[in-house]
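Subject: Model handover

Hello,

The sequence and structure follow. Please look them over before reading the notes below.

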Amino acid sequence: MSFNGIVVSAGIAFGKALIMTSHTPPLDFKLLSAEQIKQQQQQLTHGIELLIHHLQHCQRHLCQECDNFQLIDADIMLLEDDGLQQQLHQHIEQFKVSAAVAIDRIFNQQAAELASLDDPYLANRSGDILCLSKRLISALHGHLQSDLSTLTDDTILLADDLTPAEFAILPLKHIKGIVLESGGLTSHTAILARAAGIPALLNYPFSKRLVPISDGEQLVLDGMTGELHIAPCEELFAKLKQKHIQELQRRQALTAYKDKPSITIDGHHVTLLANVGNLSEISHATDLGAQGIGLFRTEFLLMNAKALPNEQQQYKLYCDALHSLHGQILSIRTFDIGADKEIPCLEQTHEDNPAMGIRGIRYSLAHPNTFITQVKAILRAANHGPIRLMFPMVSQIEELEGALALIEQAKAQLIEQEKGFGELMLGIVVETPAAVLNLPSMLPLLDFVSIGTNDLTQYTLAADRTNPNLAKQYPALSPAVIQLILMTITYCKQANVNVSLCGELGSDPQVLGLLVGLGLDEISINPTHLLEVKAALVNGRYQDFVKHAHTITTLTRIEDICLAISAVNDN
C-alpha cells in the first residue's frame with residue numbers, strides 16, 4: 001500500500017522503519033488541591049531544567065555558526081524566558097491544573113498566534129512550538145529523545161515531529177529518509193532535511209493507518225512523488241531501485257554543467273546568480289557554479305538572534321560573504337522585516353493585515369537607526385568587494401528618496417568616525433504593481449532592478465501566495481504577472497538599467513525560456529535548482545526563447561499559458 005505526504009526534500013530512500021514516539025501521556029484535567037499545585041509547579045521547574053540541560057548537551061556537538069546550533073538556541077531562549085515560566089506557574093495556580101495541561105494550553109496559544117501570521121516561515125514556526133511543548137511534557141515525566149547512536153541499518157525515521165535538537169544528534173549516516181506527521185514546507189525540520197540532502201515527507205499521518213507500520217518493516221520513500229511504500233513487492237521494489245539509479249544518474253549528469261559558460265547554443269549570455277540566506281549557502285552556490293549572489297536575505301540573520309547584530313558584527317559577516325565569492329557580485333537586500341515576520345530582537349507592533357502593513361522599506365524608514373547601522377556595515381564591506389544594495393517593497397519614489405537620504409547620513413557618520421567605505425550599486429526589488437507603474441520616475445536614481453515574483457504575484461492577483469487553496473487558480477504564470485514582468489524589463493532597458501529576477505519563478509527550468517525570451521539577461525536562482533536551470537539555458541537557442549515568449553504574451557488564459565510551456569519543454 002502507498003499513501004502521499006508533502007515532499008520537502010527530494011530523492012528516493014530505502015530503509016527499515018523506526019518509529020520514534022514522544023512519550024506524552026494523555027492530559028489529566030482533574031482540579032488540583034493546594035498541595036498538588038505546589039508539587040506541579042516544582043515538577044514544571046524540574047522539567048524545564050531537564051529539557052534545557054538536554055538541549056545544551058545537544059549543542060556541544062555543534063559549532064555555534066551552524067543552523068542547527070541557532071535553532072536549538074531559539075528553543076532554549078523560549079524555555080528560559082522568565083515571562084513564559086511565570087505565565088505557566090500562574091496558570092497552574094489560577095486554574096488548578098497540572099503542569100502538563102498548563103504547558104499544552106500556553107504553548108498552543110503561542111502557536112496559534114504564530115500560525116495566524118501571513119509569513120510562511122513564522123507561521124510554520126508554530127509547528128516547532130507545538131513540538132517543543134510535547135517534548136517539555138515528556139520531560140516532566142523524565143522522558144527525552146531515544147538514543148539512536150547504536151543504529152547500524154539503513155533507516156527511515158517516522159515521528160510526529162522533530163525538534164532541531166533532535167535532528168542535530170541523528171546519526172545521519174544511517175538515517176536515509178524522514179517521515180513526519182506534522183510540519184510545513186518552511187518548518188525547521190524541512191530546512192534541515194533539505195540542507196542535509198535527506199529525502200523527507202511531511203504531513204504523512206502514519207499513526208492513523210488502519211494497518212500500522214511496524215518497526216523494522218521495509219519502506220521506500222519516494223521523494224519525487226510524495227509516496228511512502230510499505231513492504232513493497234519485489235517487482236515494485238525493483239522499479240523503485242531503477243528509478244533511484246536514474247535520479248542519481250540525472251543529478252550526476254547535471255554536474256557536467258557546473259563549469260560551463262551560461263550561454264545558449266546560438267551565443268546569448270545570461271548571468272546566473274543565487275538566492276541565499278546565510279554564509280554556508282553562499283559556499284554551496286559557488287561550488288555549483290553560481291556567478292555571484294543575486295539575493296542575500298539579511299533578515300534571516302535576525303530570526304533567532306538574541307540581539308540585533310551591531311555594525312561591527314554585520315561588517316564582519318558581509319566581509320566573510322565577499323571573501324567566499326572571490327570577487328563575484330554580492331547583492332544584499334536590506335532587512336525585509338515587519339509585522340509579518342516575528343523578530344525577537346526587535347520591537348514590533350501587531351498589525352491586522354501585516355502583508356499590507358509596515359514591512360520592507362516602510363519598516364526601514366520608520367526605524368532609521370536600524371537601517372543606518374546596516375548600511376554603514378555594508379558601505380564599509382564595499383571596500384573589500386563589489387556589492388549591490390537593494391531595498392525591498394519600494395513602490396513609489398518618495399520611499400526611494402527616503403532610503404537614499406539615509407544612506408547619505410550613514411556616509412556622513414562614517415566620515416565623522418574616520419571609517420573608510422566603498423561605493424555601492426543601488427537598486428530596488430520590484431514586488432508590487434505600483435512599483436512597476438512608478439519605475440520611470442525611479443530609474444534615474446537606480447543602478448539596477450530585481451523582480452521579486454513571489455510578492456509581485458501576491459499583490460497583483462490579491463491572492464495569498466502561502467495559501468495552498470489558491471495556488472492553482474492564481475499562479476505566477478498568469479497573464480497579468482507576465483505583462484508586469486515584461487513592462488519592468490522594457491522600462492529598464494529603455495533607461496539602460498540592469499534588470500534581474502530573484503523570485504521563485506526563476507528557479508523553474510521549464511520557465512527559463514520564457515524569462516530569457518522576455519529580455520532578462522540575469523536570473524537569481526535557489527542553489528538546489530541552479531544546475532537544472534543552467535542545463536535548460538545551454539541546451540536552448542535564444543531565438544527560440546524569443547519566439548516562445550512572444551507566443552506566451554499573446555495568451556490570455558492561464559491554462560493556455562501552461563499548455564504552451566509544457567509543449568515547449570516536451571519537445
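Which ring does the charged end of Arg380 sit over? The ring is that of Tyr315, with the charged end 4.0 Å from its centre. A charge is taken to sit over a ring if NZ of Lys or CZ of Arg is within 6 Å of the ring centre and within 35 degrees of the ring normal. Lys241 lies over the face of Phe14, 4.3 Å from the ring centre.

On the source: this is a predicted model, where local features need pLDDT of at least 70, side-chain atom pairs count only at pLDDT 80 or more, and totals for chains, interfaces and linings use all residues. Residues are numbered from 1 along each chain as its sequence is written, and side-chain values use heavy atoms, with hydrogens and water left out.

Aromatic pairs

There are 3 aromatic pairs in the structure (rings of Phe, Tyr and Trp, the last by its six-membered ring, with centres within 6.5 Å; planes under 30 degrees apart are stacked, over 60 edge-to-face, the rest tilted). Phe14 and Phe237 are edge-to-face, because their planes stand at 70 degrees, with 5.3 Å between the ring centres. Since Phe14 lies in strand 3 (residues 12-20) and Phe237 in helix 8 (residues 234-254), the pair ties together parts 223 residues apart in sequence. Helices (H or I, at least four residues) and strands (E, at least two) are DSSP runs, numbered from the N terminus. Phe14 counts as buried at 10% relative accessibility, and Phe237 as partly exposed at 26% (buried is under 20% relative accessible area, exposed over 50%, partly exposed in between; 1.4 Å probe, protein chains only).

Phe371 and Phe391 form a tilted pair, 6.1 Å centre to centre with 50 degrees between the planes. Both Phe371 and Phe391 are buried.

Second largest cavity

A cavity is a set of points on a 1 Å grid over the protein atoms alone where a 1.4 Å probe fits but cannot get out; lining residues have an atom within 4 Å of a point. The lining of the second largest cavity includes Phe371, Tyr363 and His367. Helix 12 gives the largest share of that lining, 3 residues.

Regards

How values were computed. On a 1 Å grid over the protein atoms alone, a cavity is a set of points where a 1.4 Å probe fits but cannot get out, and a pocket is an open set with protein on both sides within 12 Å along at least five of seven lines; lining residues have an atom within 4 Å of a point.
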